Amino acid sequence: MNAPSLRVLSVIPPMTQLNTPYPSTAYLTGFLRSQGVDAVQVDLALALVLQLFTAAGLEAVRSRAQALPEAERTSSVHAFLDQFERYRHTIGPVIAFLQGRDATLAHRIAARELLPEGPRFAALEVYVDAALGEEGGDPLAWAFGALGLQDKARHLATLYLNDLADVLRDAVDERFAFVRYAESLASSQPSFDPLAGALAAPPNLIDELLHTLTLAALTRHAPGVVLLSVPFPGALYAALRIAQSIKAQNPHIAIALGGGFVNTELRELAEPRLFDFVDYVTLDAGERPLLALLEHLNGKRSKQRLVRTFVREDDAVRYINFVEPDVPFEDVGTPTWDGLPLDRYLSLLDMLNPMHRLWSDGRWNKLTVAHGCYWKKCSFCDVSLDYISRYETASAGTLADRIETIVSETGQTGFHFVDEAAPPKALKALAQELLHRQLPISWWGNIRFEKTFTPELCQLLADSGCIAMSGGLEVASDRLLTLMKKGVSVEQVARVTKGFADAGILVHAYLMYGFPTQTLQDTVDALEYVRQLFENGCIQSGFFHRFACTVHSPVGLDPAAYGIELVALPPVTFAKNDIGFVDPTGVDHEALGIGLRKAIYNYMHGIGLEEDVRVWFSHLPGKVPKATVGRHRISKALASAE
């Protein structure tokens, strides 16, 4: 096969983000074009949603809902059928509004007369502070004030779509979700059997639409190679349905599977049935394996010289890794969104969390400042894997060149730097370069709250366009931060976050509970620290995550060092990532999580900051210990720093 005829189509499968393209295909397409490859891309996740959420799509959903026995119809299905005519007449205008094509519709949406309202709207009826037992008036007025008309309307329109997503789940496919679509079939799933069964089942409405969209993409692009990028377990089922359609239409098209899910969960792949759907599975950064694969398909490289690639031979899985250096980060090229319908993405406003809003609202150009993590020591992180362990940077000039090219192509000046932890030295150099070139962009990203981020550097970053920063405080306990090897202390985090906040930058803290050896007292003390960080204006947003142990993390690799025992896994031939463990503390972290989430939600809105943190754990049986942290510990630390 001659190289010019070998067109490569990169595919974003359902489901990923709806407000902006997932960046993997943009990265790959930009790189391949820089190497002279005929490369194109398509977002079938967005295409599927836009096909479902039309008048015709809802008609098809209604026919499935009407076929359900009365006893199987949920409240979501009943609300949909009862108000169907209103849904059918409003779905087009709502999609146009969320795409930014009809902003004036916000007035009618916000008045709550236009849209049908299903069960998702019930939470808006009365705002109740779940911990303090206080009832308020209009929760939308509380959240958005007298202004914020567009935001209020976007939130209502998002609830409207969530109601429809619930109908899809209840009437069409019980696995459907906007992000975690059929996730349980893939996430840490030791056997391929559940996926095999689902893929062998008769196609439902969603499968049929995806099949039609896949064939349309093949007709439009006529690829010789298809790359399926699967960033999350919630995108694998649809990716394999796409592969199924491609193989049925043209078995000569080569299909390669890769992405974040593959890189973390399929590293020990031994399941030959996966290759009924795809021909190649590649690991880690895709540039070098893809160059090798394309040379092989063009007859210029033997199969034995593939790089980090699984294949099937004699009904067995074989891993081939002809070792070659990865493409340097400086040379991976500029991402391109050419071919993606940037004006058709949906700006949603789901959670009233200021940082999560950035994730779902607006179209952000995604760019990486540096490959990997410069710290790569955190004990809960996959530090042994390439996406963390291989740290490489590009010059500030190269990054600024990429930014200028992307702005010119997309017309969008908002950037999300998607690093695991953007290095302060590189951010400083980039900020200086952006100011030197007078590039007026807005950007946000993720960092470690380390002391290098002085108030002066925070102000420099703000001057260059930084609007928000997120970082891991994890468990606000110096003992546990040391055990985690975070390399920071709570007081240091307070000083750094205050510097960002004083520069006008929104600060979001990733928080964790359930870490090995974490006691009830640790959790109470950690929440007291978090309360004080909000009280002192250090952070404005936060979210508590339950700790999950992975087989690639230092905790998973050496559990005894963290005082736990791992739960033995069953025989694994497919996905392997999360692993259960036994913590001798015996703390009910699930119950604690309820209180932690209530607290953080209220703190973000300035509620309950004067209360003893034990009020959030009133649902727990037994006595909750008093915090051992002084109530003014953070303010004193900030004062001493000044």
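Analyst: The open sheet contains seven strands in the order S2-S1-S3-S4-S5-S6-S7, and their pairing is mixed. Strands (E, at least two residues) and helices (H or I, at least four residues) are DSSP runs, numbered from the N terminus, and two strands pair if DSSP finds at least two bridges between them. Strand S2 (39-43) and strand S7 (316-320) stand at the edges; each has a single partner strand, so one side of each is left without a neighbour in the sheet. On average, neighbouring strands of this sheet are turned by 25° against each other, direction ignored. Such angles run from 0 to 180 degrees between N-to-C directions, the axes being lines fitted to C-alpha atoms, for helices over the stretch in contact.

This is a predicted model, in which local features need pLDDT of at least 70 and side-chain atom pairs count only at pLDDT 80 or more, while totals for chains, interfaces and linings use all residues. Residues are numbered from 1 along each chain as its sequence is written, and side-chain values use heavy atoms, with hydrogens and water left out.

Within the sheet, strand S1 (residues 8-12) and strand S3 (residues 225-229) run parallel and are joined by four bridges. Ser10 has Leu227 in S3 as its bridge partner. Helix H13 (residues 287-297) lies across S1, S3, strand S4 (254-258), strand S5 (280-282) and strand S6 (309-313), and runs at about 155° to S5. Contact here means heavy atoms within 4.5 Å.

The salt bridges come next. A salt bridge is a side-chain nitrogen of Lys or Arg within 4 Å of a carboxyl oxygen of Asp or Glu, and by this rule the count comes to 44. Arg154 and Asp361 meet in one of them, at 3.6 Å from N to O. This pair links distant parts of the chain, 207 residues apart: Arg154 lies in helix H8 (residues 149-171), and Asp361 in the loop between helix H14 (354-360) and strand S8 (365-367). Arg154 is buried at a relative accessible area of 14%, and Asp361 is buried at 11%. Buried means under 20% relative accessible area, exposed over 50%, and partly exposed in between (1.4 Å probe, protein chains only).

Another salt bridge joins Arg112 to Glu117, whose closest N and O atoms are 2.8 Å apart. Arg112 is partly exposed at 26% relative accessibility, and Glu117 is partly exposed with a relative accessible area of 26%.
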